[in-house]
Amino acid sequence: FTLQKGLSMIQILWNTLAYSGVLHARDYTENKHIVLVNGLSILVAMFTFVNFCVYLFFEIPLFYRASLLIYIFLVPFTIYFNSIGKLLFARIFITLLSTAYTSFIVFAQGNQSTAHFFLLAEALVIFFIFPSRDRNWKIGFSVFVFLIFSAFEIFHESMTPLLAMDPETILVRKKVMDILFGVLIIIFALYINSIFQKSELANQLEHEKSERLLLNILPAPII
């Protein structure tokens, strides 16, 4: 068992999960959105798991740790819904689940953190996970999540935290969260870029294939 084989197995597993549901796409342009949603689910679950591991070093109430595990458990269901053809429901599911979970974190941490900025990032991500034909859902959810973020931002200073932590723990947690959030944003940005590049390449190959087919069927002067 070598490192190369291990990486190959991880790549195969990633592709299997990321491309679950593409056979149910209404057209080939929707493939990138399906892969994007599945990839986002994997990345978010991994990010939350790392967050859970970090909190093992702090005195954190059991209900807070349990909420992390519940979220980690529920997020992969997005991939399952895509795999059975519930494409729109999968997008709605991960959007509402992430909004509810982030809102819980904001209430738990109160004015000791700026976790509500995850909602702002989510409002932006929604524009990528919903295809053009689901424009109403895209705009509706983006506005909905942004309004929740705005409410938390307005009342942030007056929110009493449910978690009692000493100042040193709060400082360390904030630094760790900021770093992890930055890493997540960079990885997701690179992932979006990769998905859209592959989609453009697929579209180009499909166009060239159609042109070759026309050249074989129709006389050259007509084409």
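I began with the helices behind the nonpolar patch: α6 (117-129) and α7 (135-154) each supply at least two of its residues. I kept in mind that this is a predicted model. The largest share, four residues, comes from α7.

Next I listed the members. Phe127, Phe128, Ile139, Val143, Phe146 and Leu147 form this nonpolar patch on the surface. Together they have about 530 Å² of accessible area.

I picked out Phe127, which lies in helix α6. Its relative accessible area is 42%, so I noted Phe127 as partly exposed.

Then I turned to the aromatic rings. How many aromatic pairs does the count come to? I found 15 aromatic pairs, taking ring centres within 6.5 Å as the rule.

I looked up Phe73 and Phe77. Their ring centres are 5.5 Å apart and their planes stand at 70 degrees, so I logged the pair as edge-to-face. Phe73 is exposed, at 55% relative accessible area. Phe77 counts as partly exposed, with 31% relative accessibility.

Phe81 and Phe93 came next. Here the centres are 5.2 Å apart and the planes are at 75 degrees, so this pair is edge-to-face too. Are Phe81 and Phe93 buried or exposed? Both Phe81 and Phe93 are buried.

Last, I traced the cluster. Ring pairs link Phe73, Phe77, Tyr80, Phe81, Phe89 and Phe93.

Terms used. Residues are numbered from 1 along each chain as its sequence is written. This is a predicted model: local features need pLDDT of at least 70, side-chain atom pairs count only at pLDDT 80 or more; totals for chains, interfaces and linings use all residues. Side-chain values use heavy atoms; hydrogens and water are left out. Patches are made of residues with over 30% relative accessible area and no salt bridge: like charges are joined within 9 Å, nonpolar side chains (Val, Leu, Ile, Met, Phe, Trp, Tyr) within 5 Å. Accessible areas come from the Shrake-Rupley method with a 1.4 Å probe; for residues, only the protein chains shown count as cover. A salt bridge is a side-chain nitrogen of Lys or Arg within 4 Å of a carboxyl oxygen of Asp or Glu. Buried means under 20% relative accessible area, exposed over 50%, partly exposed in between (1.4 Å probe, protein chains only). Rings of Phe, Tyr and Trp (its six-membered ring) pair if their centres lie within 6.5 Å; planes under 30 degrees apart count as stacked, over 60 as edge-to-face and the rest as tilted.
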